[in-house]
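Colleague: I am new to this one and would like to learn how to read it. Could you take me through it step by step?

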Amino acid sequence: MSLHASTSRYERTPVRRVGRSGLHLPLLSLGLWQNFGDDRPHETQRELVLGAFERGIFHFDLANNYGPPYGAAERNFGRILRDDLAAHRDELVISTKAGWDMWPGPHGAGASRKHLVTSLDRSLERLGLDRVDIFYTHRPDPRTPLEETAAALDHIVRSGRAHYVGMSSYSADAGRQLAGMLRQLGTPVTIHQPSYSMLNRWIETEGLLDVAADEGFGVIGFTALAQGMLTDKYLDGVPEGSRAASPGSFSSSALTDELRDSLRGLAAIASERGQSLAQLALAWALRDPRVTSLVIGASRLSQLDENWRALEQLDFDAQELAEIEDLLGR
Ligand code: NDP
């Protein structure tokens, strides 16, 4: 049965324009990298997706290999789309990507025309869609000329498989080159998806934000919560069931005593602002208007709820920013 969500939530949902395109995104988007594989109950996944949509998150970020197993997140999201959100398809922005390992052999990963176009066709089948809204080349591929990647992305838009194209994790230089090639072809790059958080500021220091402004593409940061490290949950240990506690995930050895000291300092600033550490980390990562949106993960609805409320307090004064810089610089 299709969900009927109140349209008044759009009046309360802040959006930003994606670069110089006509596309707009909510300040927070939901990512399905973790928590949407076949190892998680369908009902929890459904609750997260519908809960996000009801709050005003209309952008969902996927990739061919999100699972486990690879492809499962697209298939599971496709089921929710068909069963619950069919009437709302036109309101949604659905993104997917190709580039990381997907199938065996030389074309099972990368940014060749063969990989990108074939992978997107399989993604569309799993999602049950004719087209996605944004398609990304998921990572730079030194084995493929940038010209070939640009031509494949141009073809993807012209063939109607995607409305917009983007790149993820390309350096500022490669991003500028790819954007230039696509502009020549008549299909502008709309968006770049880099990692970005208080603990990982390469897009500021290596010039990607400047390139984005020059070239006119938007920026959507991933892992703004550093996979949960920038929340209150690890301040005093590693709770059972958290991502740091699960095998194969980021190592809890990343949580050093020095880092915990800085996190406690940040949590104190957050508390003075009436925010949690997660809310502070999200508001901070949105302080530059060149950052269009952040794609965040959640394993339960209560996290999404907490994170969404970050949008109630986005402003920082100079003293808060200076105190944060001081803590991050230690
Ligand atoms: P986040 O930094 O958003 O971490 C999300 C995790 O942090 C949650 O799953 C949860 O983990 C924990 N968490 C979130 N909110 C809270 C809270 N309020 N309190 C306590 N814990 C919380 O990043 P992700 O690693 O999940 O990545 C987000 C998205 O970014 C992905 O789904 C994907 O779409 C995209 N991405 C893109 C990449 C790319 O190469 N383009 C690479 C990586 C991600 P827990 O399980 O411990 O509860």
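Modeller: We will go from the whole chain to its sheet, a helix pair, the ligand shell and some backbone details. This is a predicted model, where local features need pLDDT of at least 70, side-chain atom pairs count only at pLDDT 80 or more, and totals for chains, interfaces and linings use all residues. Residues are numbered from 1 along each chain as its sequence is written.

Colleague: How many helices and strands does the protein chain have?

Modeller: Helices (H or I, at least four residues) and strands (E, at least two) are DSSP runs, numbered from the N terminus. Here the protein chain has 12 helices and 10 strands.

Colleague: What radius of gyration does the protein chain have?

Modeller: The radius of gyration is taken over C-alpha atoms, and the globule rule is 2.2 Å times the number of residues to the power 0.38. For 330 residues a compact globule would come near 20 Å, and the protein chain, at 19 Å, agrees with that. Its C-alpha trace spans about 50 × 45 × 40 Å along the principal axes.

Colleague: Which strands form the closed barrel?

Modeller: Two strands pair if DSSP finds at least two bridges between them. In this model 8 strands close into a barrel in the order β3-β4-β5-β6-β7-β8-β9-β10, with parallel pairing. Neighbouring strands of this sheet are turned by 30 degrees against each other on average, direction ignored. Take β7 (residues 162-168) and β8 (residues 189-193): they run parallel and are joined by 4 bridges. Gly166 faces Ile191 in β8.

Colleague: How do I read a helix pair, such as α9 and α12?

Modeller: Two packed helices are described by the angle between their axes and the distance between the axes. Axes are lines fitted to C-alpha atoms, for helices over the stretch in contact, and angles run from 0 to 180 degrees between N-to-C directions. The axes of α9 (residues 257-272) and α12 (residues 318-328) come within 9 Å and cross at roughly 170 degrees. The two helices are therefore roughly antiparallel (an angle over 145 degrees). Residues in contact (C-beta atoms, placed from the backbone, within 7 Å) include Leu266 of α9 and Ile324 of α12.

Colleague: Which residues come nearest to the ligand?

Modeller: A residue is near a molecule if its C-beta atom, placed from the backbone, lies within 6 Å of it. Of the 30 residues around the ligand, Gly31, Trp33, Leu225, Gly228 and Gly297 come nearest. The largest share of the shell, 3 residues, comes from α11, while β10 (291-296) and α11 (301-308) each supply at least two.

Colleague: Where are the cis peptide bonds around Pro68?

Modeller: One joins Gly67 and Pro68, with omega about 5 degrees, and another runs from Pro68 to Pro69, with omega near -10 degrees. Pro68 sits in the loop between β4 (59-61) and α3 (72-84). Elsewhere, Thr223 has a positive phi of about 55 degrees although it is not a glycine, and Thr223 lies in the loop between β9 (218-222) and α9.

Terms used
Parallel < 35°, antiparallel > 145°, perpendicular 65-115°, else oblique. Contact = placed C-beta atoms within 7 Å.
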